[in-house]
Amino acid sequence: MGMGGISIWQLLIILAIVLLLFGTKRLKSIGSDLGNAVKGFRSAMTEHEREDTEPKQLEKGAAKRGTEGDKVASAAMADKEKT
């Protein structure tokens, strides 16, 4: 490759050096820890998205109830004014 590019042979040499330094057991544990961290991050993101949508749905429900409540309150006030 050109300047600054890494060839497949260079990547294989780097992989061999990493295997010699850390060993397969340690690399396996590092990989599983990294995988668990990514899984936890994804679940936290989906949970956060659910929490963002739930208040909006609650606000819409409260707004609907609020307009119905306003109608009831204004009708009650009109009844009071009549008497």
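The steps below describe a predicted model.

**The whole chain.** Begin by selecting the protein chain and colouring by secondary structure. How many helices and strands are there in the protein chain? The chain contains two helices and zero strands. Next, display the surface: the chain exposes about 7800 Å², and carbon and sulfur atoms supply 65% of that area. Of its 83 residues, 0% count as buried.

**The helix α1.** Select residues 8–22, which form helix α1. This helix has 15 residues, and the distance from its first C-alpha to its last is 21 Å, close to the 21 Å expected at 1.5 Å a residue. Then select Gly23, which follows α1 and has a positive phi, near 85°.

**The nonpolar patch.** Select Ile6, Ile8, Trp9, Leu11, Leu12, Ile14, Leu15 and Leu19, which together make a nonpolar surface patch of about 820 Å². Centre the view on Ile8, one of the members of this patch. Is Ile8 buried or exposed? Its relative accessibility is 56%, and exposed means over 50%, so Ile8 counts as exposed.

Select residues 24–82, which form helix α2. Now select Glu47, Glu49, Glu51 and Asp52, which gather on the surface in a patch of negative charge. Finish at Glu47, which lies in α2. Glu47 has a relative accessible area of 45% and is therefore partly exposed, since that class lies between the limits of 20% and 50%.

Note on methods: Residues numbered from 1 in each chain as written. Predicted model: local features only at pLDDT ≥ 70, side-chain atom pairs only at ≥ 80, totals over all residues. Heavy atoms only, no water. Patch = residues over 30% accessible without salt bridge, like charges linked within 9 Å, V, L, I, M, F, W, Y side chains within 5 Å. Areas by Shrake-Rupley, 256 points an atom, 1.4 Å probe, with all protein chains shown as cover. Salt bridge = Lys/Arg side-chain N within 4 Å of Asp/Glu carboxyl O. Helix = DSSP H or I, 4+ residues; strand = E, 2+ residues; numbered from the N terminus. Buried < 20%, exposed > 50% of the residue type's maximum accessible area, 1.4 Å probe, protein only. Expected span 1.5 Å × (residues − 1). Lys, Arg positive; Asp, Glu negative; His and termini not counted. Charge placed at Lys NZ, Arg CZ, Asp CG, Glu CD.
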